[in-house]
Amino acid sequence: MNQTRLLLGAIRSLGLKDASLLDIGGGIGAIHHELLNDVASEATHVDASSAYLKEARQEAARRGHSERVNFIHADFTDVASELGTADIVTLDRVVCCYPDFRRLLQAAAEHSQRALALTYPRETWYLRFALKVANFFQRLRRDPFRVFLHPIADMDALLKREGFQRVSLRRLFVWEMALYQRM
Ligand SMILES: C[S@@+](CC[C@H](N)C(=O)[O-])C[C@H]1O[C@@H](n2cnc3c(N)ncnc32)[C@H](O)[C@@H]1O
């Protein structure tokens, strides 16, 4: 079981049908490829990486989903004000790639009408150490990309302030998955 499977299972447990989905930082699009089969009728995939979006587009075409997915190449926080809301918002391994989790989660929460699911690295000693090492090598390589271990309690508090309650929390060795529902 990986974190994406946990997230998909959590969303499916809500029993939604014909939902709209906003997948932020969807990468190769695993979440909408899956949820368009049973839970979602349409999806928007916003990603800062054009390489990932290209892969996601090709796979969506292979599955016959192209007409139902709106692909947007952008930093979500830059385009959020131009986008509509969705029933379900997902961020699978995305907050840990973005320095300002407050800005990202705030915009994500404002775009969710019903549910928001996210995965992020757990706050454990071994991940603190591993991420420090990873970021050290990134600096040596002069690569500006960093991985962030954001405070889970602060992310949770932000989403609660935005009117959500956490209805599911699952942990793997590295990743934690949290599902929130709008109250
Ligand atoms: C580690 S990858 C995860 C991809 C996919 N969700 C998965 O779990 O396989 C992080 C993705 O988030 C995207 N990303 C990070 N911050 C973003 C932002 N603010 N707006 C849009 N995409 C973002 C990156 O471009 C990348 O595709």
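1. The model is predicted: local features require pLDDT of at least 70 and side-chain atom pairs pLDDT 80 or more, while totals for chains, interfaces and linings use all residues. Residues are numbered from 1 along each chain as its sequence is written, and side-chain values use heavy atoms, without hydrogens and water.

2. The ligand sits in the largest pocket (an open set of points on a 1 Å grid over the protein atoms alone, with protein on both sides within 12 Å along at least five of seven lines; sitting there requires more than half of the ligand's atoms within 2 Å of its grid points).

3. Around the ligand are 17 residues (a heavy atom within 4 Å), and Gly25, Asp47, Phe76, Asp92 and Arg93 come nearest. By class, this shell holds 9 nonpolar, 4 polar and 4 charged residues, with Gly counted as polar.

4. Polar contacts (N or O atom pairs within 3.5 Å) include a side-chain atom of Arg93 at 2.9 Å from a ligand oxygen. A ligand nitrogen lies 3.0 Å from a side-chain N or O atom of Asp75, and a ligand nitrogen is 3.1 Å from a polar backbone atom of Ala48. The protein buries 86% of the 590 Å² that the ligand exposes when taken alone (Shrake-Rupley method, 1.4 Å probe).

5. Strands β6 (residues 164-171) and β7 (residues 175-182) run antiparallel, joined by 7 bridges (pairing requires at least two DSSP bridges; strands are DSSP E runs of at least two residues, numbered from the N terminus). They form a hairpin with 3 residues between them, and Leu169 has Ala178 of β7 as its bridge partner.

Methods
Polar contact = N/O pair within 3.5 Å; in protein donor to acceptor, adjacent residues only side chain to side chain. 1 Å grid on protein atoms, 1.4 Å probe; cavity = no way out; pocket = protein on both sides within 12 Å on 5 of 7 lines; lining within 4 Å. Helix = DSSP H or I, 4+ residues; strand = E, 2+ residues; numbered from the N terminus.
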